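Reader: I am new to this structure and would like a close look at a single part of it. Could you take me through that part slowly, and then show me what lies around it?

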Amino acid sequence: MKKKIILASHGRLSEGMLDSVRMIAGDLPYPSTAYCLATGHSPDEFAEEIETEVKMNPDTEFDIAVDLIGASVCTSLLGLTRYPNVHLFTGMNLNMVLSLF
């Protein structure tokens, strides 16, 4: 099964996290994407985008790491766990993300 890592956060935390992982680990073994929630936008926007990708790639495992449990980003992406190939991790930190890779 293929694998993709998705980082999602309030502000640019996930983008910085992915940048730090690349600095430490170099070339990453799995495709990855960072979603950053900007003021005035809804996390449902990227939840819909990710859901489309999940539906189109049932043979890919999606590991999604989010910053805060129970917050809007987490809540929007939680519904994606109804798909058997989606896993959601909360409390994103550098050690966690390195472990996912």
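Author: Leaving aside residues up to four places away in sequence, Glu51 touches Leu80, Arg82 and Tyr83 in this predicted model. Glu51 is found in helix α2, and at 17% relative accessibility it counts as buried, because the cut-off for that word is under 20% relative accessible area.

Helix α2, which spans residues 43–56, also has a part in the largest nonpolar core, a set of 17 residues in which Ile50, Ile64 and Leu77 are those with the most contacts. At least two residues of this core are supplied by each of β1 (2–10), β2 (32–37), α2 (43–56), β3 (60–66) and α3 (72–78), and the largest share, four residues, comes from α2. In soluble globular proteins, nonpolar side chains tend to be buried together.

Leu77 can be followed residue by residue: not counting residues up to four places away in sequence, Leu77 touches Ala8, Phe46, Ala47, Ile50, Ile64, Val66 and Leu88. Apart from this core lies another one, of 12 residues, with Ile5, Ala65, Met92 and Leu100 among them.

Notes. Residues are numbered from 1 along each chain as its sequence is written. This is a predicted model: local features need pLDDT of at least 70, side-chain atom pairs count only at pLDDT 80 or more; totals for chains, interfaces and linings use all residues. Side-chain values use heavy atoms; hydrogens and water are left out. A nonpolar core is a set of buried Ala, Val, Leu, Ile, Met, Phe, Trp, Tyr and Cys residues joined through side-chain atoms within 4.5 Å. Buried means under 20% relative accessible area, exposed over 50%, partly exposed in between (1.4 Å probe, protein chains only). Contact means heavy atoms within 4.5 Å.
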